[in-house]
Every structure is written in structure tokens, then in C-alpha cells.
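I set down each item in the order in which I looked it up.

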Amino acid sequence: MEKYGKSMVSRTISHVSFLMCKFLFSILCVGPIPAHIALIMDGNRRFAKRHVLLEDGTDPASGHRVGFKSLMSTIQYCYEMGMKCVTVYAFSTDNFKRGPEEVELLMNLMKEKLDEVLTDENMLKKLDVKINIWGHLELIPEPVRLAAKKAMDVTMHNKGPVLSVCMAYSSTNEITHAIEASIRDTRGNGTQIGVCDLERNLFTAGCVDPDIIIRTSGETRLSNFLLWQSDFTHLQNPNALWPEFSLRQFVLSVMDYQLVHAYLQKKKGEIEKNK
Amino acid sequence: MKNDHHRKERDATLFHAISAYQRTTIANELACIFSRYFYSVNGSYKILISPSKMIEASVIASPILGILYYLLHAIVCLAHIWSYLIYQIQCLIISSGLLPKYQNLKLDRLQHLAVVIDSEEAKNKSKVHQLLLWLSDVGVKYVILYDIEGVMKKSNKAFQKSTATQSDTKCLDFDLNVPSIFDVFGMTVEVISYTDGKEAVAKAANYLFSKFSTNQEGTLDGLEPKFTEPDISSALKAVGHDGPEPDLLLVYGPARCHLGFPAWRMRYTEIVHMGRLSSMKFSAIVKVFYDFSKKHQNYGK
């Protein structure tokens, strides 16, 4: 009886907080909402070190596991607010410089989570999410590469919001790849390669440029992430570590964007006009 | 009398009917809104209608939500004002010279500094001039000035043209599509604009294509172009758009946004928003340089 009472209370609290969350998003939607948000999930290891009393604190991937939960809730908030695209920087080509054990752990974690997402009814059927995996996929181990390919194939025809995961990715590598592809397309045509040709061959072709790039833990650099696509992107660097990135930081992030939206649109419009 | 009674009855019926209709309309609207919430409350994540569409559907809720929206922004604005006041106090303390740690800045890690300025603010030449003077005072040796429309490039080229002699005019490059480099206040200053970004990469791609075509004997069919990042850097140098990667990038404008700064050159650049150029402070620059000197980068490790 007591257990039933407790679960009733927790369910009620959960429903009330869900309603309040929806109400808050309704208020924010009076202003401009970003269509595409990109996330650099920095601070997982620092979080694990800071909270050494975590149950699985000895597991080197513990910070990343907590970070994954934070990622899922942030993606949920994004889609509930009506955002079309979410891009996350999961693994950079520079991250291969980490210890082999940590790299292997991260790769196993990514495979585990990709497989989990494919069995998540909410993500696939109800939200109709389309998954993109961007990066130098030849560099990642075969099991992870196969899991990534499966995720893309299964969700290829989905029409809902887009989740793009950058794995073994770097912006300079993406630009190099775009130049190679543009040269392949152009040879024999006798035409010059233009900016449009390069943009057509980027991993992000067909996706709108990000409106916000959030890098947590207060770091101010982009670390080779979406450098080409971020001309008119609002760059934000909240001090919270990634596992600490909650609804409050998310709401503040959207509100900060709303303040500068008009200015960025104006700058974008001026460049489009001059092209 | 009887007609009056009928008319009153008819009016009352009409009144009730209209009231009922209005109540029904209002009730329908409210039910519409709450049914969305109730559907969601059942634990499903199904989004039938995005919150923005809900607002369009609701005539009553929109003004209330609008008021709450501005109220929420006003509250957050107060928090921003508080942070701004604390920042101003910090700058005041730094400029008073009370803190010795800000007196002797170690700029070993700062080899190249970039400054992105909003084009409207870049028209204020005296402010740009003052900024360069301050940067020189702090000890910066290489500055990359960027504004999206090339306002600083145009004014620099115009200045060069006006002071050049007859013989200089022929050999000086007044092309606005290439970077402009000159020395001032003991610093090397490179002035670039939007055309030195993506268009420069396109020029480098064409250069690589022509080199690729020249190097291959016979037909190009079946041959795959394969380049490395150093190849792209060399190509950018060949087309006159190379340049060092800045360690630190200061943004002067309303928003923290690099506004098209050459993508190839800011892989690991620390990007700091300084506010508007019109309200720039020397102490703010000192604070940023001090914070930068304490930064530690893992470079992915």
C-alpha cells in the first residue's frame, strides 16, 4: 500500500514537472527557436574525477555514461521545443591520441549506445528520428562502423528530427574530403570549383547551418568542429560540465540565442545579398 | 404585449445560444490546449503539434504567453546586468593596478592574435587605431584584423593608395580579394575579410585540381584525388591566402560569433567575446590575456 502511495506521488510529481516543462517551452516559443543546435559535450572526465563517490567511479567510462544520459535528455528537450536538427561531437580525430584503453572503452560505449537507440521505440517510431553519422568512418573499429551504418540505414527514410553524430570527425578533414569530392565531380567539365560545389560535398550537405554551438565546461574553442558551417552561429560556453547540463542551462542557452537572433539574421542576409 | 414577450423570449434564447456558443468555443480552445498536455501526460513522447503551433491555435493563450515571455527575459536580463556589474568592477580593479598578477603578463603562448570586429563598428577608425595601440602596449607581435565586409581592408588599401608614389602604385597590390599586411606600432597587422575564408578554399581547390591534372599522364579517369591537410595548407599558401592560426580570437560586436573568419585557421583558437568596440576597455584586454595565459589545452587527449 505504501509502495503504491509512493509510486503515485512520484508519478504525480513527474506529470506535474512534465506539464511545467511544456508550459515553459510554450513561453519560449513566443520568440525565435533555433532550428539546429550543435553540442560539444566537454567535461565528462572532469565530472567523473570530481564525483569520485559515483557507484561505478572506478570505471573510466563512468563520466561518459552519465554524459550520455545528459545527452538523451537534452535531445528530448530540443525535439519538444520543435528543433529540427541536433548535432553532437561524439569523437574527434584528435581523440585517438588518448590512451588505447580509453579509446576502446569509448568505442564500445558508442556501439552500445547506437544499438540501444535502435531499440528505443520513442526515438525511432514515435519521434521518427533520422540518424546521420559524420566523420572519417574508416578510422573507427569495424563493429562500431557497422553499428553506425545500421543506424543510418534503419532511419534513412524517417521524416522527423535529425540527429547527427560526429565520429572520427574534424572540420579540416571534412573540408579536405569536400575538395577531393569536388575535384572528382569537376574533372572533365572544364568548370571552376566554387564555394557551392564544396558545400555540396560536405558531410553536412542538405542540413541547415547550426544556429547555436554549445561547448560546456566553459571552454572557449571549437576544437575543429563545424568551422565551415558556423559563420553566423551563436557560440556559447556555459561553465557547467556536460553531465551537469540540465534544463536550466538549456533554457538559458535558448534565451541567449533569442537576444542575438535578429543581429545574426541581419548579418547573414547581408552576405547572401552580396553573393 | 404578446409580441414583446415573444421578442424577449427569442432574445433570451439567442443570448443563451450565443453565450453557449462562446462558452463552447472557449471550452473547445481550452480543451484543445489541455488535450495536448493530457495526451503527453500519458507517458508518450508523441508530439502531435509543436508548442509554436499550439500558440497559433490559441487566441487567449498568446497574449498571456507573450507577457510571460518578456517577463522571463526581463528576469534573465537582471542576472546579465548583475554579471556585467561584477565584470566592470573586476576591470576597475585591474586598471587601478592593485593586483600585481595583471601587471606582468606572460604572452609566450600568444604568438598570433585575431580580432573580429563587426563591420559597422569597424568604420570607427579611431577606435580601431586605439585598439591596435593597446595591443602593441601589451606586447602583441602579430594581429589579424577581420571584419566580414572588408571595411578595414578597404580603408587600409585607400590609405596605402593615397600615400603611395607614382612608381609604388604599379607594384603595390590593391586587390581587395587578398589579405593586406603591414607593420604598425611594432606589430605585423594582417587585415582580412569574408573573401579570405571560403572563397580562398575554393581557389585552393582549383589550384589543387590544376596541379592534379598536370601531374597525371594521360586520362584522369579512374584516378582518385587524394590530399592531406598539409596539401590544403600549401595550396592556400600558393594562392596567397595562407596565414598563421591565431591562438586567441577577440570578438568585438553584439554577439559571440566569428562571422566567417577563415575556417582553416581557427581549429584550436580560443574565442572570447569582448562586447562592443565602442565600449572597449584596456583592462578587459589585460584580463583576457591573463585568463588565456592560464589556459591549458589537451588537443583531444
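Entry 1, terms and conventions. I count Ala, Val, Leu, Ile, Met, Phe, Trp, Tyr, Cys and Pro as nonpolar, Asp, Glu, Lys and Arg as charged, and the others, Gly among them, as polar. The model is predicted, and local features need pLDDT of at least 70, side-chain atom pairs count only at pLDDT 80 or more, and totals for chains, interfaces and linings use all residues. Residues are numbered from 1 along each chain as its sequence is written, chains are lettered from A and ligands numbered from 1 in the order in which they are written, and side-chain values use heavy atoms, with hydrogens and water left out.

I take a pocket as an open set of points on a 1 Å grid over the protein atoms alone, where a 1.4 Å probe fits, with protein on both sides within 12 Å along at least five of seven lines; lining residues have an atom within 4 Å of a point. A volume is the space filled by probe spheres set on the points, which are joined across faces, edges and corners. For the largest pocket I note about 2,100 Å³. Its lining has 50 residues, and A:Asn237, A:Asp256, B:His80, B:Ser83 and B:His273 lie nearest the centre. By class, the lining divides into 25 nonpolar, 16 polar and nine charged residues.

I then looked up which elements supply this lining; helices (H or I, at least four residues) and strands (E, at least two) are DSSP runs, numbered from the N terminus. At least two residues each come from strand S6 (234-236) and helix H9 (247-274) of chain A, and from helix H3 (61-96), strand S6 (270-275) and helix H10 (282-293) of chain B. H3(B) gives the largest share, eleven residues. Domain 2 (54-98) and domain 3 (107-293) of chain B both contribute to the lining, so the pocket lies between them; the domain bounds come from an automatic or database domain assignment.

H4(A) supplies the largest share, six residues.

I count two strands as paired if DSSP finds at least two bridges between them. Six strands form an open sheet with parallel pairing, in the order S3-S4-S2-S1-S5-S6 (chain A). Strand S3 (130-134) and S6 of chain A are at the edges with a single partner strand each, so one side of each has no neighbour in the sheet. Strand S5 (residues 212-215) of chain A is joined to S6(A) by three bridges, and A:Ile213 stands opposite A:Leu235. H3(A) lies across strand S1 (36-40), S2 and S4 of chain A, at about 160° to S2(A). Here contact means heavy atoms within 4.5 Å, and axes are lines fitted to C-alpha atoms, for helices over the stretch in contact, with angles from 0 to 180 degrees between N-to-C directions.

Entry 5, the sheet of chain B. This open sheet also has six strands, in the order S3-S4-S2-S1-S5-S6 (chain B), but with mixed pairing. Neighbouring strands are turned by 20° against each other on average, direction ignored. S3(B) and strand S4 (residues 187-192) of chain B are antiparallel over five bridges, and B:Asp183 has B:Thr188 as its bridge partner. H10(B) lies across S1, S5 and S6 of chain B, at about 150° to S5(B).
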